[in-house]
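Hello,

Below is the structure I said I would pass on. My notes follow it.

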Amino acid sequence: MTRTEPATTDAPRPATQPTTGGAGATPRPVALAVVLLLGLLLLPFVPLVLASFAQGYFYPQVLPERWSLRAWQVVLEPDGATWAALRDTVTIAVSVAVLSLVMAVPAGRVLGTRRFRGRRVVELALLTPVLVPAIAVAIGLHVVFLRLGLAGGVPGVILVHLVPATPYVVLLTAGVFANAELELEQQARALGASWWQAQRHVTVRLVAPGLAVAGLFGFLVSWGQYVLTLVVGGGRVVTLPILLFATASGGDTAITAATALFHALPAVVLLVLTSRILGSGALTTFGGAR
Amino acid sequence: MRTIPRSTLLLLVIAVVAAGCAQASSAPAAGPDPTDWEQVRSDAEGATLDLHMWGGSTEINRFVDEVYGPRLAELGITLRRVPLADTADAVNAVLAELEAGRTTDGAIDLIWINGENHATMRQAGALHTGWAEQLPNAALVDWEDPAVALDAGLPVDGAESPWGSAQFQFVHDTTRTDAAELPGSYAELATWIEEHPGRFTYPAPPAFHGTRFLTQWLYELSGGAEAWADGFDEDAYEEAAAELFAVLEELRPHLWRGGETYPNDIADLDRLFANGEVDMTFTQLPAGIGANVEAGTLPDSARPFVLDTGTIGDHHYLGIPVNAAEPAAAMVLADLVLDPELQTAKLDPANGWGDGLAIDVERLADEDRAAIDAVTAGFGDLALPPERLAEVRLPDAPPELTDALDRDWERVVRQQRPRS
Amino acid sequence: MSAWWHRHEDVRTWVALSPALLLVGLLFGGAVVMAGLRSIGLLGIGEGGPSLAAYRQLVTDPGFARSLGLTLYVAVVSTSLSVVLGIGAALLLRRLGAGRRFATTLFQLNLPVPHVIGAVAILALVGQSGLLSRLAAQTGLLDAPAAFPAITFDPWAIAVILQYLWKEVPFIGIVALAILSASGDDLEEAARTLGASTWQRLRHVTLPLLLPGVLSAAVIVFAFTFGIFEVPLLLGPSSPTVLPVLAHRRYTDVDLAARPEAMAISVVITLVVVVVVLLGAAGARRAIRGDAAVTEVGS
Amino acid sequence: MTDIHLDGLTRRFGDVLALDDLHLDVAGGSITALLGPSGCGKTTALKLLAGLLRPTAGRVRFGDRDVTEVAAERRGAVMVFQDHRLFPYLSAGDNVAFGLRMRGVARRERRRSAAAALERVGLDGLAGRRPGELSSGQRQRVALARALVLEPEVLLLDEPLANLDAHLRAGMRELILDLQRDRELTLVVVTHDQEEAVVLAEDIALLFDGRLHQHGAPRTFFERPATARTARFFGTTNLVPGHRSGTQVHTPLGELHVPDGAPDSAPDSGPDGRSGRGPDGAPGGGAVWVLVRPERLQVDRGDSDHPRVTGRVLHSTYLGTRTRAEVEVAGVRLTVDASDDTLADAGPGTSLTLVLPPSALWTVPREEDGRAALSDPAPAASVAGTVEPT
């Protein structure tokens with residue numbers, strides 16, 4: 001599939017929408033509808049926050065009758081399960097981001113800048129693992145991983161997270177290279193730079209922000225992964241999603257809610273930071289991080 | 001798409017072949033010998049012990065980490081507790097390892113296990129046998145007691161060592177259901193359900209509490225637990241099950257959500273109960289619901305009760321997979337948990353758990369017995385008196401029975417198809 | 001060596017692609033092939049020879065048919081609603097003047113949040129004793145949890161669909177916003193001066209422009225909603241359940257004989273997704289032929 | 001034939017005043033160019049005409065009809081954009097037929113009209129192509145056909161020649177002029193290129209910094225610019241500082257006789273008489289620039305009785321169709337062009353005598369700031385803050 005890339009126009013654009021009346025003018029119904037929309041999307045976080053600060057938060061309490069920090073104390077307990085899970089989750093997610101980038105940079109550069117026979121097939125081959133459900137991959141790979149001694153350990157989980165992460169990072173990287181003005185590399189060579197110098201001083205600087213987003217994407221794919229970790233990790237690799245599921249099966253809603261929020265927060269913070277740095281255009285990529 | 005590069009196909013073939021070659025062929029190693037306990041202790045030193053256990057209860061998790069962890073550390077063993085959403089996941093993991101030819105150095109050293117999971121692993125030859133009775137502390141266990149020696153009717157054969165005991169109890173809320181109108185038998189429960197439409201449900205089997213709830217009902221319909229004392233009888237089952245599922249079908253519309261859906265596990269049921277969606281839930285802890293009330297997952301006004309016709313009491317165990325990487329360390333922990341001091345700590349809901357004893361009080365020194373009595377005295381009305389529990393205790397059913405119940409329930413209740 | 005290397009661009013191309021392709025080929029391809037082989041009784045422990053018993057079992061099992069039906073229903077309904085609401089949300093956000101950037105950031109806040117969390121949150125919101133039910137009780141609208149519509153664990157999987165919408169509407173919306181901000185305003189202006197009314201602009205400019213990108217996004221949404229395991233597990237009906245949950249149930253069934261069936265289900269899941277992806281890719285390619293050509297000629 | 005009247009048209013974007021109080025009348029059936037450097041407000045003006053922007057103040061009238069509040073789609077003015085804006089998902093033919101489809105014209109009729117329109121712009125046979133399969137020039141012509149097929153009263157072209165190669169530009173220009181001869185439509189063209197404005201338009205409105213600077217026939221801008229800025233924009237390179245008294249101007253080159261540039265002597269000033277002399281073109285005495293175009297300076301052959309000056313050639317350049325020399329006369333640098341061979345021998349250091357025909361001279365006011373001849377007169381407003389859609 002082709003992602004629609006924003007067309008580049010050199011024409012300066014007005015700061016405001018030419019089709020709307022004036023700068024910053026929003027019709028009231030539109031503003032209300034937007035507030036409603038955002039309210040609905042953010043609403044599910046409300047019971048989580050309430051429950052995480054409550055003790056004995058039973059129907060029909062809307063606001064807790066007994067506020068309590070117990071759940072957060074348990075979740076944030078030093079040397080507790082949450083921090084251990086966070087450490088494992090971050091270790092795995094960072095490894096996945098880095099490794100997938102290492103594989104994605106050469107492949108993405110080729111896909112983004114060259115036309116060759118078999119390109120469509122390669123693109124399709126890369127897209128399929130992104131889309132085929134994790135449960136199918138997990139079940140199929142589990143026995144192979146067991147035989148290779150990779151099941152039940154962090155390396156195996158990293159490897160299996162690479163299956164959905166790498167193709168997406170490759171496709172994103174291809175977009176980054178396709179949009180970068182790599183002709184500047186030739187310009188640098190013409191100005192006397194060696195191949196390595198051209199890479200270092202020109203190419204890297206051109207693609208670095210895009211690659212950072214691609215890597216972040218790989219990070220997020222791994223961050224939320226449940227089934228692959230469950231099956232391949234065999235329960236022994238306890239990432240935050242695994243911990244959250246185990247906690248949810250225990251029925252302590254306060255701790256479940258606090259764990260869920262603890263798990264969601266880093267991803268949301270990363271998103272907001274990135275949107276600050278890169279502008280909202282780059283964020284389409286987050287769509288696949290699930 | 002028609003031209004898949006031949007190289008891609010080649011890669012797939014390589015992948016499959018590579019996986020096949022890696023298959024190990026060594027036979028399972030014989031386990032350590034617990035009669036030479038010194039040797040076991042020294043083998044265990046420096047090990048990292050992977051204990052796989054249901055991890056849904058923060059309190060139990062914490063108890064394991066904070067009570068056993070330091071004690072094992074003193075013995076040079078690092079405890080790594082692996083939380084499971086379902087014990088079957090671990091059973092399955094061991095079986096998958098064995099299927100893949102991984103007969104040594106497996107991921108799991110010790111599993112918290114009983115009932116069907118025990119039966120499954122035994123059937124597959126996936127547990128070390130013959131070690132449990134040889135543990136030093138095994139002397140404190142009454143191995144003559146069928147409730148210990150038989151796990152769901154299946155002889156334990158030293159393949160698992162008891163950790164604690166439990167007994168099924170119902171829980172009601174005194175603000176909603178008066179103690180006077182509580183049912184004393186399943187027959188009365190059925191009436192109660194009809195009179196309180198939408199206020200009762202049970203976890204869907206094979207969830208532990210759901211299966212046990214139905215097993216007890218089947219007992220009552222088939223003339224009591226004694227009917228199954230000699231093992232599973234196909235015809236007797238057919239007769240009783242026909243009656244049971246007919247009753248369930250009749251009651252279906254009076255269940256929560258019209259019997260269209262059931263809670264996944266006891267945690268779901270507790271939540272429904274706590275929020276007032278249903279009027280009953282269950283517990284397994286002899287020390288009652290003190291820990292739940294403390295954590296705020298059940299209301300203060302909740303109280304346990306049992307049926308006069310009896311509820312099943314059983315033990316839960318620790319088992320060592322045949323391919324465990326650290327069987328010696330596993331034995332050390334299985335022995336440690338039987339230590340009277342630690343058994344007492346586990347019984348006390350103040351420590352977060354409230355689990356029943358696995359050891360025989362008669363075999364204890366006086367001071368240990370006094371400590372236990374002190375804990376029991378402090379249960380209050382959030383637990384039933386031990387005598388009351390003992391009075392109605394029934395043995396667990398043979399695994400064939402629970403298997404058959406699970407299978408039939410799936411078919412008849414869930415899929416609405418006739419029992420085959 | 002070096003000269004040879006520089007002369008053969010095709011070799012360099014494939015060498016550059018090989019790490020990623022090897023990974024995908026070995027792991028993903030391996031997974032699919034393994035599942036396929038084991039579904040027909042090869043490579044597992046079993047009665048030996050290859051057999052289609054697992055598939056025969058599936059075909060004759062009405063439970064499987066119902067699961068497949070439920071899974072398709074959930075995926076199709078979630079995808080269609082996500083597309084409609086996502087486009088609507090994008091059109092709405094686009095009309096914002098001041099605060100548009102802020103609103104867009106809030107709009108996509110859910111995107112990186114893992115599905116498990118979404119499921120837990122939706123349950124706490126729309127369960128029969130969830131926050132909405134409690135609000136209804138506090139305001140005197142309802143008097144008991146049972147009076148609140150049962151949309152969790154329900155046969156119509158409404159809570160599951162709600163959870164998908166919660167996550168996928170922003171996804172489709174962001175994709176649509178990206179397309180529109182690239183050329184939407186310009187083309188709509190052009191259409192205006194050619195006499196297109198508001199409605200005609202939506203029908204003849206905005207929607208056709210969105211079609212290829214949103215179609216691609218919709219294929220992604222379909223694949224995800226068809227294949228997610230954790231959300232229906234936490235929110236969905238237990239019988240019939242969706243295929244991924246059924247596959248996992250069979251896979252973790254203590255009866256090892258159920259494993260080929262689990263493999264067969266996962267093969268079915270893979271096939272359905274691949275077919276939908278291919279159809280979607282073909283559709284998107286048709287829809288964007290002009291678009292793709294722009295980049296070709298332009299570059 | 002639709003006249004267009006712009007009455008005090010003003011548009012702000014936030015703090016930026018993109019178009020400031022534009023008064024302009026465009027005769028029905030004429031071609032008017034809105035000319036100016038980028039950011040001058042010309043495209044804003046065009047979009048206000050098209051109805052794609054609402055004015056902050058002012059009115060737009062088409063004939064007697066006040067269309068200020070009329071939506072773009074009902075205004076009857078079609079705009080052709082600089083960047084074509086073809087619908088990428090439609091073939092060329094369907095692009096052309098788009099407007100007809102919006103009007104509910106039947107498919108068969110649409111096809112026929114679109115084919116005819118494509119033929120008119122020389123693209124017969126390409127109806128089936130997607131925009132991506134067309135060259136830039138072809139796309140521009142499709143965009144034009146797409147507008148023409150609607151037979152609009154008012155056609156608005158935004159930089160119609162800007163993105164085209166030299167040979168395509170000529171063809172496109174011919175096409176536009178041809179269309180204009182055929183139909184009686186009123187054409188407004190936006191351009192930043194004075195040459196383009198001159199060859200296309202009968203009437204030019206020059207905008208600087210959101211304001212109308214000068215309005216008139218193309219000749220005026222070359223021969224009778226109102227200000228030094230206009231002159232410079234139109235490529236007049238010789239600006240000689242001087243002081244006027246009556247018809248005499250005192251310059252470093254000597255006393256020159258320059259007829260007073262009173263409104264009546266400036267041919268074809270704007271219809272409303274506002275801009276004949278530009279905003280600061282007060283007639284009478286004071287500091288002035290004397291303007292003379294390089295091609296109007298003649299090398300003295302001794303057969304003229306016009307004033308002459310002698311200087312030293314700094315250097316000369318052969319430019320193919322003409323030769324250009326830089327000559328220093330009394331401390332002033334003059335540029336002179338000759339299309340014949342009179343400059344052929346003018347090597348550096350050569351002495352050269354130039355004739356200044358009075359008809360070639362023109363004065364514009366000069367602010368008393370003593371700037372060097374070629375420096376830019378102080379702009380009327382700061383350009384920096386101007387934001388303008390192009």
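In this predicted model, F45(A), P47(A), L48(A) and A51(A) of helix 2 of chain A meet A121(C), A124(C) and L125(C) of helix 6 of chain C. Contact here requires C-beta atoms, placed from the backbone, within 7 Å; helices are DSSP runs (H or I, at least four residues) and strands likewise (E, at least two), numbered from the N terminus. By class, this contact has 7 nonpolar, no polar and no charged residues (Ala, Val, Leu, Ile, Met, Phe, Trp, Tyr, Cys and Pro are nonpolar; Asp, Glu, Lys and Arg charged; the others, Gly among them, polar).

The axes of helix 2 (residues 45-52) of chain A and helix 6 (residues 115-126) of chain C come within 7 Å and cross at roughly 85°. Axes are lines fitted to C-alpha atoms over the stretch in contact, with angles from 0 to 180 degrees between N-to-C directions. The two helices are therefore roughly perpendicular (65 to 115 degrees; under 35 is roughly parallel, over 145 roughly antiparallel, the rest oblique).

Overall, 96 residues of chain C are in contact with 97 residues of chain A. On the chain C side, helix 2 (residues 9-39) of chain C gives the most, with 16 residues. That side has 66 nonpolar, 20 polar and 10 charged residues.

Chain B has 16 helices and 11 strands.

Residues are numbered from 1 along each chain as its sequence is written, and chains are lettered from A and ligands numbered from 1 in the order written. Local features need pLDDT of at least 70 and side-chain atom pairs count only at pLDDT 80 or more, while totals for chains, interfaces and linings use all residues.

Regards

Methods. Two residues are in contact if their C-beta atoms, placed from the backbone, lie within 7 Å.
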